[in-house]
Amino acid sequence: MSELKVFNPATGDLLATLPMDTTSDIEAKLKAGHAAFQTWKSTSVYERAALLNRWAELILANKEDVAKIMTEENGKPLRESIGELVNAVSYLTWYAEEAKRIYGRTIPASTTNKRLLVTRQAIGQVAAITPWNFPAAMMTRKAGPALAAGCTFIVKPAEDTPLTMIRLVELAHEAGFPQDVVQCVIGAGSAVGPVFTASEYVRKITFTGSTPVGKRLISESAATVKHMSMELGGHAPFIVCEDADIDFVITQAIASKFRNAGQTCICANRFIVHEAVIAEFTEKFTAAAKALKVGNGMDETTDVGPLINKKGYDKVIEQINDAKAKGATILAGGEGLADEAKGTYFVTPTVLGNVTLDMDIMSEETFGPVAPIIAYNDLDEAIKIANGTPFGLAAYFFTDNYKRGIYLQDHLDFGIVGWNDGLPTLAQVPFGGFKESGLGREGGIEGIEPYLETKYLSIGQL
């Protein structure tokens, strides 16, 4: 039997060795989940809501222990892990309420002897594939609406961070969810994905991860015409207008860019700053970046933890080196702190000046603590730079001029836009992107729709 070894990215220590599910194991779980769906879909929405709330309560009661697991396998500061768990719980409690609002409707008929009804029902078994950067919140953002809708749920966590997911599934069962209603699969994405996409027992796949992998899942699911939700790559612009409150902007820029060591799909990646304020912004932002402490997330003074693995580290270093070779100035950081023997990879918070559009970092998604700053003069120029990628997940702009703000809102091609807000994610709002950043939305009232089928009934001869 193949095994999965889980390491602490901050220390290199081995945390766990897990047996990996074989193809037959996964197929058996999918068959069991499909069988469980036949009963689960008929449960009362109030029963589902009560179980979701109970699950949320158990996560909060155990949040310190679960947060420790998350920090040890993911590397993020412990306070960020606790914050993620609070956010994760909010999706469960939100969809506990949305379960009670799965409404149908009656449509006026064209004749007097008919009645026309529309009802909603659960789509079937849902297979989820979640990323390593938010191992709790990305799971509950999918599980909450799926279970609320009456679907059964099976999830494959990222190979780097399976332990958080395993604990959450244990707590779901402790809350009262039947074993086959909420399941977990351990394995490599290259092995599990094709089983999910080919299975007749899976009616929907929900995925958060890279755009290339998302495209492959969509393609492989075509033969069985599965429903798909895709939250894919991003390359968020962060536009600073000439009238912005720079001191406030710095707090938002630091929070957005360096949270989870810059390893988030919606973190600010391209700082597009008006030439009238670029000097002030750069000076203050650089000073704030230099003040951040890099280290083990279990140390309460740590602000920026490690990168998740060597692959992620190499990409960040390559982007820094490419920018330097093309004329960028290292204003802060720029250092890679790798210990190949231990398997630990840190990058100091990095700020780049004299950035040009031909640098890789301006066109490729950055998953690391690197902030390139580029100047603009005309607002349409800033919008052109911002929109000039295949991605359209999140964008940020800072201005106190309402006309300028509305103009930016109208012209930025992104699914999530923060106006004077660098941290826009909440359970009650729709999360998703334009263009190659995905399909569908998670969160908000929109988030339960992808887990429901619409059925129309025409009753004649009344």
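This is a predicted model: local features need pLDDT of at least 70, side-chain atom pairs count only at pLDDT 80 or more; totals for chains, interfaces and linings use all residues.
1. Helix α5. This helix covers residues 137-149. At 1.5 Å a residue, its 13 residues should span 18 Å. The end C-alpha atoms are 18 Å apart, which agrees. How many residues of α5 are buried? The count is 13 of the 13, so the rest of the structure largely encloses α5. Just after the helix comes Gly150, with a positive phi of about 105°.

2. Helices α3 and α4. Helix α3 is residues 63-74, and helix α4 is residues 78-98. Their axes come within 8 Å and cross at roughly 120°. Angles of 65 to 115 degrees would count as roughly perpendicular, and those over 145 as roughly antiparallel. The angle here therefore makes α3 oblique to α4. The crossing is right-handed.

3. What α3 and α4 bring to their contact. From α3 come Lys63, Val66, Ala67, Lys68, Met70 and Thr71. They meet Leu78, Ser81, Ile82, Glu84 and Leu85 of α4. By class, this contact has six nonpolar, two polar and three charged residues. Some spacing in such lists has a simple background: an α-helix has 3.6 residues a turn, so residues three or four places apart point the same way.

4. Helices α2 and α6. Helix α2 runs over residues 45-61 and helix α6 over residues 162-175. Their axes come within 8 Å and cross at roughly 130°. That makes α2 oblique to α6. The handedness of this crossing is right-handed. On the α2 side, the contact is made by Leu51, Arg54, Trp55, Leu58 and Ile59. On the α6 side, Leu168, Leu171, Ala172, Glu174 and Ala175 take part. Which classes do these residues fall into? Eight are nonpolar, none polar and two charged.

5. Val195. This residue lies in helix α7, residues 189-198. Is Val195 buried or exposed? At 11% relative accessibility, Val195 counts as buried, because the cut-off for buried is under 20%. Leaving aside neighbours within four places in sequence, Val195 is in contact with Thr23, Ile26, Glu27 and Leu30. Asp243 is another matter. Val195 and Asp243 are 48 residues apart in sequence, and their C-alpha atoms are 53 Å apart in space.

6. Ile383. Look for this residue in helix α12, residues 379-387. Ile383 is buried, with a relative accessible area of 6%. Which residues does Ile383 contact, leaving aside its neighbours within four places in sequence? They are Tyr407, Leu408 and His411. His411 is 28 residues from Ile383 along the chain, yet their C-alpha atoms are separated by 7.1 Å.

7. Most residues other than glycine have a negative phi. Val225 is not a glycine, but has a positive phi of about 50°. Val225 sits in the loop between α8 (211-220) and β9 (227-231). At 61% relative accessibility, Val225 counts as exposed. Asn420 also has a positive phi, of about 55°, although Asn420 is not a glycine. Where is Asn420? Asn420 is in the loop between β19 (416-419) and β20 (434-435). Its relative accessibility is 25%, so Asn420 counts as partly exposed.

Key: Residues are numbered from 1 along each chain as its sequence is written. Side-chain values use heavy atoms; hydrogens and water are left out. Helices (H or I, at least four residues) and strands (E, at least two) are DSSP runs, numbered from the N terminus. The expected span of a helix is 1.5 Å times one less than its number of residues. Buried means under 20% relative accessible area, exposed over 50%, partly exposed in between (1.4 Å probe, protein chains only). Axes are lines fitted to C-alpha atoms, for helices over the stretch in contact, and angles run from 0 to 180 degrees between N-to-C directions. Angles under 35 degrees count as roughly parallel, over 145 as roughly antiparallel, 65 to 115 as roughly perpendicular and the rest as oblique. A crossing is left-handed if the near helix is turned anticlockwise from the far one by less than a right angle, and right-handed if clockwise. Contact means heavy atoms within 4.5 Å. Ala, Val, Leu, Ile, Met, Phe, Trp, Tyr, Cys and Pro count as nonpolar, Asp, Glu, Lys and Arg as charged, and the others, Gly among them, as polar.
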